[in-house]
Every structure is written in C-alpha cells, then in structure tokens.
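Here is a short tour of a metal site and its surroundings. Have a look at the model first, and then read on.

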Amino acid sequence: MDCIFCKIVNGELPSQKVYEDEFAVAFHDINPIAPVHVLTIPKKHISSLLDIGTEDKELIGHLHQVIQNVARITGVDKTGFRVITNIGEHGQQSVHHLHYHVIGGRQLEWKA
Ligand code: 5GP
Ligand code: ZN
C-alpha cells in the first residue's frame, strides 16, 4: 500500500521517533506548527477515525495512553497541549492513515 505512514512504520521512510511499542509509534511532524508537534499513529493501517472498528477498541485505548507518554516525554504534560485528528476533506486530512497530532510548547489559540 502506498501510504507514507505505513512506510514510516516499516522503516522504508525515516522519522524522528519519540516513542515506539508493538502497536504504535510517535514521531515529530515534518512541518511543525508549534515547538512540540508529534504525530501518534497505530502501526495498523486505519484510514481515519471513521474507519475504526469494534475490533480496534483496545488499540484506540492504548493510543490514548501512548499520547500520555508522548506528553510526558516532550514535557507538555506540565503546560497543556492539544490533540487533533483531522478527518476527510473539510477536516483537511492529508495523510489517510489515522494519526493524532499532539501539539504544544506554546500558548495555543482556538480557531476553526
Ligand atoms: P493531516 O493533514 O493529515 O492531519 O496531517 C498530516 C501531517 O503529516 C502533516 O502535519 C504533515 O506535516 C505530516 N507529514 C507529512 N508527511 C510526513 C513525513 O514524511 N514525515 C513526517 N514526520 N511528517 C509528515
Ligand atoms: Zn498506512
């Protein structure tokens, strides 16, 4: 499958990893919008939040715990941060492999 995040998972493409385990990987966004901008993804290819199945319940719970780890590793657990997953055209999703943006390290504003 021609998916850049699957290629990051299998090592075909390089990334700056901050965390990895059997089911998930987290790495710095190539085009960060804040001092901390880490993408947390499942190793399993799931196209977006809309494609999460009942069989993925445990995986999604795990991803939330990975996000906690990412926050602690990058230090934003102390200052606050935002978690975003973009979906489809209006959500401006550009990579169709489920990913959670973990953004922080500066004061964020709320704008849609
Ligand atoms: P989306 O727009 O789909 O929510 O987010 C995709 C994110 O992936 C973007 O923030 C973009 O900068 C990032 N990205 C795209 N290609 C690569 C890549 O090859 N490596 C890394 N580390 N990030 C990427
Ligand atoms: Zn993929």
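What is the geometry of the site of the zinc ion (ligand 2), judged by the angles among its four donor atoms?

## About the model

This is a predicted model, in which local features need pLDDT of at least 70, side-chain atom pairs count only at pLDDT 80 or more, and totals for chains, interfaces and linings use all residues. Residues are numbered from 1 along each chain as its sequence is written, chains are lettered from A and ligands numbered from 1 in the order written, and side-chain values use heavy atoms, with hydrogens and water left out.

## The zinc site

The site is tetrahedral, with angles of 104 to 117 degrees among the four donor atoms; the term asks that all angles lie between 85 and 135 degrees. For comparison, the ideal angle for four tetrahedral donors is 109.5 degrees.

The zinc ion (ligand 2) is held at 2.0 to 2.3 Å by C3 (SG), C6 (SG), H45 (ND1) and H97 (ND1). Donors here are N, O and S atoms within 2.8 Å of the metal (3.2 Å for Na, K and Ca), and water is not among the atoms, so sites may look incomplete. Along the sequence the donor residues follow the spacing C-x2-C-x38-H-x51-H.

## What the site joins

C3 sits in the segment before α1 and H45 in the loop between β3 and α2 (57-74), so this pair ties together parts that are 42 residues apart in sequence. Helices (H or I, at least four residues) and strands (E, at least two) are DSSP runs, numbered from the N terminus.

C3 is buried, at 6% relative accessible area, whereas H45 is partly exposed at 24%. Buried means under 20%, exposed over 50% and partly exposed in between (1.4 Å probe, protein chains only).

Definitions and conventions:
Tetrahedral: all angles 85-135°; square planar, octahedral: opposite > 155°, others 65-115°.
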